[in-house]
Amino acid sequence: CLVGSEMCIRDRFKGSMCFLFFGENAVRLVVYAVTGLLTRQVLLFGLASLPAAVLALALAAWLGPRLEEGKLQKGAIVLFLLGGVSIIVKSVVFHT
């Protein structure tokens, strides 16, 4: 890609997001395995979630090229913030 071009920036952003999610989930998998949280129920939930992940991937592939770069980045930030708030609320409500 041409350095500084919109496609190059978008590709680098997508690559960074993929790396972040891969790294986060790899660490989570190791922690779950070490702490005994990686149970049959957790694995079954993961398998049951695969169709939703495939659907989200298809939606992202279709929607991604249609969104402006700024909106795409803001949407990603909002999702990260919502995920963080969700974790905080769950830990307060369930005292984990």
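Trainee: How do the residues of the lining of the largest pocket divide into nonpolar, polar and charged?
Mentor: This is a predicted model, and in it that lining splits into 28 nonpolar, 8 polar and 7 charged residues.

Trainee: How much space lies in that largest pocket?
Mentor: About 2200 Å³. The lining has 43 residues, and F21, E24, N25, A53 and A56 are the closest to the pocket centre.

Trainee: Which helices supply at least two residues of the lining?
Mentor: Helices α1, α2 and α3 (69-94) each do that.

Trainee: OK, switching to charges. How many salt bridges does the count come to?
Mentor: The count is 1 salt bridge. R28 pairs with E24 there, and the closest N and O atoms are 2.4 Å apart.

Trainee: Why can side chains like that pair at all?
Mentor: Because opposite charges on side chains can pair when the charged atoms come close.

Trainee: And where do R28 and E24 lie?
Mentor: Both sit in helix α1 (residues 6-35), 4 residues apart, which is about one turn of the helix. E24 is also among the residues closest to the centre of the largest pocket.

Trainee: Buried, partly exposed or exposed, what's R28?
Mentor: R28 is partly exposed, at a relative accessible area of 35%.

Trainee: New topic, the surface. Which residues form a nonpolar patch there?
Mentor: L29, L38, V42 and L43 do, and together they have about 320 Å² of accessible area.

Trainee: Where's the place of L43?
Mentor: L43 belongs to helix α2, which covers residues 40-63.

Trainee: What about V42, how far is its C-alpha atom from that of Y32?
Mentor: Those C-alpha atoms are separated by 9.5 Å, with the two residues 10 apart along the chain. Y32 itself is in helix α1. The relative accessible area of Y32 is 29%, so Y32 counts as partly exposed.

Trainee: And A33, which helix is that found in?
Mentor: A33 is in helix α1. A33 is partly exposed because its relative accessible area is 48%, and exposed means over 50%.

Methods. Residues are numbered from 1 along each chain as its sequence is written. This is a predicted model: local features need pLDDT of at least 70, side-chain atom pairs count only at pLDDT 80 or more; totals for chains, interfaces and linings use all residues. Side-chain values use heavy atoms; hydrogens and water are left out. Patches are made of residues with over 30% relative accessible area and no salt bridge: like charges are joined within 9 Å, nonpolar side chains (Val, Leu, Ile, Met, Phe, Trp, Tyr) within 5 Å. Accessible areas come from the Shrake-Rupley method with a 1.4 Å probe; for residues, only the protein chains shown count as cover. A salt bridge is a side-chain nitrogen of Lys or Arg within 4 Å of a carboxyl oxygen of Asp or Glu. Buried means under 20% relative accessible area, exposed over 50%, partly exposed in between (1.4 Å probe, protein chains only). On a 1 Å grid over the protein atoms alone, a cavity is a set of points where a 1.4 Å probe fits but cannot get out, and a pocket is an open set with protein on both sides within 12 Å along at least five of seven lines; lining residues have an atom within 4 Å of a point. Grid points are joined across faces, edges and corners, and a volume is the space filled by probe spheres set on the points. Ala, Val, Leu, Ile, Met, Phe, Trp, Tyr, Cys and Pro count as nonpolar, Asp, Glu, Lys and Arg as charged, and the others, Gly among them, as polar.
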